[in-house]
Every structure is written in C-alpha cells, then in structure tokens.
Amino acid sequence: DADGKPIGYIIGCAINKFRYRKVKTGELENMFVVSQWRRKGAGGALVDALKQWLKTKGVDRLYVSAYANNEEAVHFYNKCGFKPWEVGLEMKLDYRK
C-alpha cells in the first residue's frame, strides 16, 4: 500500500505440474489479499505478475485448484481467465466396518 505495507502475496512454481502433458504447466499454489484490498484489482495484478514470471521460465499454461464450494475463489479465477479443466472427487473412508 502507500505506506509500504504488503497487501497480499502469490506463490507459484514453474516446475512442470503435469509431466505427462506435452505443454509445460506451472501452478499457482497459494495467494492471499488483505480483505480491504479485495475487489480492487490487487489479486488480478498478482496473477498477472505470476503469468509474466512464468513466461520468462518458458511455461505455456497455468494451473490452479480451488475447493468446489469456495464460489468466491472459483469466480475470481474464472474472471482471471482460468477455465475448468478437470474435476477432482473425494470421499471420506469409513473404517468402522
């Protein structure tokens, strides 16, 4: 911010997330924006900065995952240009039987 305080962060990697694919795919692993800076372009700017850095590493695609019920995050990532690519499913194992 104007006082030099961080308003968020983004963590990504250029290591090929999916070695079996023909395109090099980086990953947005984690990000956070302080609540009063959300919906003001800070998150999008962080994603843009990560995309530019990944381009310097020769990465062709960017992957991110979000919990299916986290509609706010899914909406944000869609707004940034991410499109659905896979569906992950999970179940709880019952060991009482």
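Colleague: How many helices and strands does the chain have, and what pattern do they follow along the sequence?

Modeller: This is a predicted model, and what follows is computed from it. The chain contains 2 helices and 3 strands. Taken in sequence order, these elements give the pattern β-β-α-β-α.

Colleague: What radius of gyration does the chain have, against that of a compact globule of 97 residues?

Modeller: The C-alpha atoms fill a box of roughly 60 × 35 × 20 Å along the principal axes. For a compact globule of 97 residues, the radius of gyration would be near 13 Å.

Colleague: What percentage of the residues in the chain is buried?

Modeller: A residue counts as buried when its relative accessible area is under 20%. The chain exposes about 8000 Å², and carbon and sulfur atoms supply 53% of that area. Of the 97 residues, the buried share is 22%.

Colleague: Is Cys13 buried or exposed, and which class does Cys80 fall in?

Modeller: The cut-off for buried is under 20% relative accessible area, and partly exposed lies between that and 50%. Cys13 has 16%, so Cys13 is buried. Cys80 has 22% relative accessibility, so its class is partly exposed.

Colleague: Where is Ala66 found, and which residues is Ala66 in contact with, leaving aside neighbours within four places in sequence?

Modeller: Ala66 sits in the loop between strand E3 (61–63) and helix H2 (71–79). Its relative accessible area is 38%, so Ala66 counts as partly exposed. With neighbours within four places in sequence left aside, the contacts of Ala66 are Ala73, Val74 and Tyr77.

Colleague: What distance separates the C-alpha atoms of Ala66 and Leu50?

Modeller: Ala66 and Leu50 are 16 residues apart along the chain.

Colleague: How many Å apart are the mean positions of the positive and negative charges of the chain?

Modeller: The chain has 18 positive and 11 negative charges. Each group has a mean position, and the separation of these two positions is 4 Å.

Notes:
Residues are numbered from 1 along each chain as its sequence is written. This is a predicted model: local features need pLDDT of at least 70, side-chain atom pairs count only at pLDDT 80 or more; totals for chains, interfaces and linings use all residues. Side-chain values use heavy atoms; hydrogens and water are left out. Helices (H or I, at least four residues) and strands (E, at least two) are DSSP runs, numbered from the N terminus. The radius of gyration is taken over C-alpha atoms; the globule rule is 2.2 Å times the number of residues to the power 0.38. Buried means under 20% relative accessible area, exposed over 50%, partly exposed in between (1.4 Å probe, protein chains only). Accessible areas come from the Shrake-Rupley method with a 1.4 Å probe; for residues, only the protein chains shown count as cover. Lys and Arg count as positive and Asp and Glu as negative; His and the chain ends are not counted. The place of a charge is taken as NZ of Lys, CZ of Arg, CG of Asp or CD of Glu. Contact means heavy atoms within 4.5 Å.
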